Amino acid sequence: LRFLSCYSIANSLWLHFMRSFFETVKTALPVTVATFVLSIFIAGCQTSTKAKRVDPTLARSTLESVLESWKNGELIDSLQSHQPAIVVQDLDWMAGFKLKAFEILNDGESFDANLYCPVKLSLSDVNGNPLERQVTYIVGTTPVLTVFRSLTP
């Protein structure tokens, strides 16, 4: 009798364990399968995020236009209202330096989405002191026109 009592308790515990195990599997399995299928679907649908190549001719003409605007006394932010808009960053221009002359030293080097152009700048600081700098501009053409001065020459 004692044996049957232990057996029925063990059997009860086993059945309870199995019921809870299958309940967990029954609810977790569809979620797991759905997650797996969704991850395969998303991985297969992604497009390449590689940047479009720079248009070197457009990049050079954009750089020249930007430098001419600076030389003519335009404000750096005014280029965003041009058609097409040009986003420009140059710390000297932002600090109020005047561009007296510039020389684009060569055609530049295309690398992925940007054209790297070396430029010789003849400037005058806010006190009117002349100075020359050789800098590199990084010019992009897609999705918008951008001209950023490299922080390294």
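The legends below describe close-up views of a predicted model.

Residues are numbered from 1 along each chain as its sequence is written, and side-chain values use heavy atoms, without hydrogens and water. Because the model is predicted, local features need pLDDT of at least 70 and side-chain atom pairs count only at pLDDT 80 or more, whereas totals for chains, interfaces and linings use all residues.

**View 1. The largest nonpolar core has 24 residues.** Such a core is a set of buried Ala, Val, Leu, Ile, Met, Phe, Trp, Tyr and Cys residues joined through side-chain atoms within 4.5 Å; buried means under 20% relative accessible area, exposed over 50% and partly exposed in between (1.4 Å probe, protein chains only). Leu67, Trp70, Leu121 and Tyr137 touch the most other members. Two or more residues each come from α2 (56–71), β1 (86–89), β2 (98–104), β4 (114–124), β5 (130–140) and β6 (145–149). Helices (H or I, at least four residues) and strands (E, at least two) are DSSP runs, numbered from the N terminus. Beyond its neighbours within four places in sequence, Leu121 is in contact (heavy atoms within 4.5 Å) with residues including Leu67, Trp70, Leu131 and Tyr137.

**View 2. Tryptophan 70 and tryptophan 93 form a stacked pair.** One aromatic pair is found in a search of the whole structure. The ring centres of tryptophan 70 and tryptophan 93 are 5.0 Å apart and the planes meet at 5°, so the pair is stacked. Rings of Phe, Tyr and Trp (its six-membered ring) pair if their centres lie within 6.5 Å, and planes under 30 degrees apart count as stacked. The pair links distant parts of the chain, with tryptophan 70 in helix α2 and tryptophan 93 in helix α3 (residues 91–94), 23 residues apart. Both tryptophan 70 and tryptophan 93 are buried.

**View 3. Aspartate 125 lies in the loop between β4 and β5.** Aspartate 125 is buried yet has no salt bridge, a term for a side-chain nitrogen of Lys or Arg within 4 Å of a carboxyl oxygen of Asp or Glu. The nearest side chain of opposite charge, arginine 133, is 7.8 Å away. The side chain of aspartate 125 reaches the backbone nitrogen of asparagine 127 at 2.9 Å and that of asparagine 129 at 2.9 Å.

Conventions:
Lys and Arg count as positive and Asp and Glu as negative; His and the chain ends are not counted. A polar contact is a pair of N or O atoms within 3.5 Å; within protein, one must be able to donate a hydrogen and the other to accept it, and residues adjacent in sequence count only if both atoms are side-chain atoms. Rings of Phe, Tyr and Trp (its six-membered ring) pair if their centres lie within 6.5 Å; planes under 30 degrees apart count as stacked, over 60 as edge-to-face and the rest as tilted.
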